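I opened this entry to record what I looked up in the model. The notes follow in the order in which I made them.

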Amino acid sequence: MRRRPGLSTRMKLALSYAGFLFVAGALLLAVVWGFLLRYVPDNSQGLLGISPNRYLLVHTFAPAAAVAMAFLLVFGLVGGWLLAGRMLAPLTRITEAARTAGKGSLSHRIRMEGRQDEFRELSDAFDSMLEQLESHVAEQQRFAANASHELRTPLAISRTLLDLARQDPAQDRADIIERLHTVNTRAIDLTEALLLLSRGERGTFTRESVDLSLLAEEAAETLLPLAEQRRITLDVTGATAVTSGSAELLLRMVTNLVQNAIVHNLPADGTVTVHTEMYGDTSVLRVENTGRPLPPELVPTLTEPFRRGTDRVRTDEHAGVGLGLAIVHSIVRAHDGTLGLSPRPTGGLVVTVRLPAAP
């Protein structure tokens, strides 16, 4: 944005210092002059016949007062300029850091020394913002790279199958079509998951009153055939838990959690428990499943995009695209909630979602 040139902040502060000093000096001289002249007689004899009269005193004091005022003005300008420069030096460092960040270098930090004051608070806040921004940009870059890699795989497979069908007409076309359908379905699922993740991060949705207990029952009913196929016991317990948000996104969140709990479970005879409750002004959804023990260092990384958790048990037909918990995390953040993951001592995972209760 182009602006008209104007006085710098340093010059404005210097002029302000000089102006205040000049006014203070003028007031002081006016007070002295007033009290002094008050007790000096206005006659030719002066005070006791030996002191000058008021006329002589005024003509003697006026030039000295003018010189003093000129000195105060110059001293205020010079001193104000030096003091303003010293006081604004931290702001200059912050401005240089902002220009550096504007050129794309987010690794630069100010790290201003000294005791706490307003400029150092601003510096620390700016450093914190740069750190978060750098982390977010790096995360987006990794996400874009991973998404490109994941999308390239089904496209490469499709091209290979098409080349094979073109080069060898004797190939079973039904088998090739079926394999192409499977690969294309996976690419579509991945694309839809990426779009849903992007929508959740933007937070562009209409809020309405949503009961998490009803969503839990709907998700459990939808995934019951999968649970029965894997011989997993699926239970929904708890009470009404009403929050405010998008019913579609929240249903996807619950469905992803329940599906993950079923897929990443014991090979057979496992359990999945979905529990909802109100805790104060918070709506709580907890999904707990059995399974093999999880390394503690693995659990915090499960919400990262394309992190499939290689140490978790799953079948190939439900390997997914690695965005299940990432989508859950994105939806929870878009609804101003928190997502907690903790491993069960006997194996498996406990996922707790806390969302603000509806007004």
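I began with the nonpolar patch, whose largest share, six residues, comes from α2. I took helices (H or I, at least four residues) and strands (E, at least two) as DSSP runs, numbered from the N terminus. Both α1 (9-38) and α2 (54-102) supply at least two residues of the patch. Its members are L7, L15, F22, V23, L27, L73, V74, L77, V78, W81 and L82, with about 970 Å² of accessible area together on the surface. V74, one of these, is found in helix α2. Patches are made of residues with over 30% relative accessible area and no salt bridge, with like charges joined within 9 Å and nonpolar side chains (Val, Leu, Ile, Met, Phe, Trp, Tyr) within 5 Å. A salt bridge is a side-chain nitrogen of Lys or Arg within 4 Å of a carboxyl oxygen of Asp or Glu. Accessible areas come from the Shrake-Rupley method with a 1.4 Å probe, and for residues only the protein chains shown count as cover.

I noted the conventions next. The model is predicted, local features need pLDDT of at least 70, side-chain atom pairs count only at pLDDT 80 or more, and totals for chains, interfaces and linings use all residues. Residues are numbered from 1 along each chain as its sequence is written, and side-chain values use heavy atoms, with hydrogens and water left out.

I then checked pLDDT, the predictor's confidence in each residue from 0 to 100. The protein chain averages 80, and 83% of the residues score at least 70. Confidence is lowest in helix α4 (residues 173-202), at a mean of 74, and highest in strand β5 (residues 282-289), at 95. Over residues 310-319 the pLDDT is below 50, and this stretch has 22 contacts in the model beyond near neighbours in sequence. A contact means heavy atoms within 4.5 Å.

For the chain as a whole, I recorded seven helices and seven strands. Of its 359 residues, 35% count as buried, where buried means under 20% relative accessible area, exposed over 50% and partly exposed in between (1.4 Å probe, protein chains only).

Last, I looked at helix α6 (residues 247-263), which has 17 residues. Twelve of these 17 are buried, including M253, N256 and I262. Why does N256 count as buried? N256 is buried because its relative accessible area is 8%. Leaving aside neighbours within four places in sequence, I found N256 in contact with G324, I327 and V328.

Definitions and conventions: Expected span 1.5 Å × (residues − 1).
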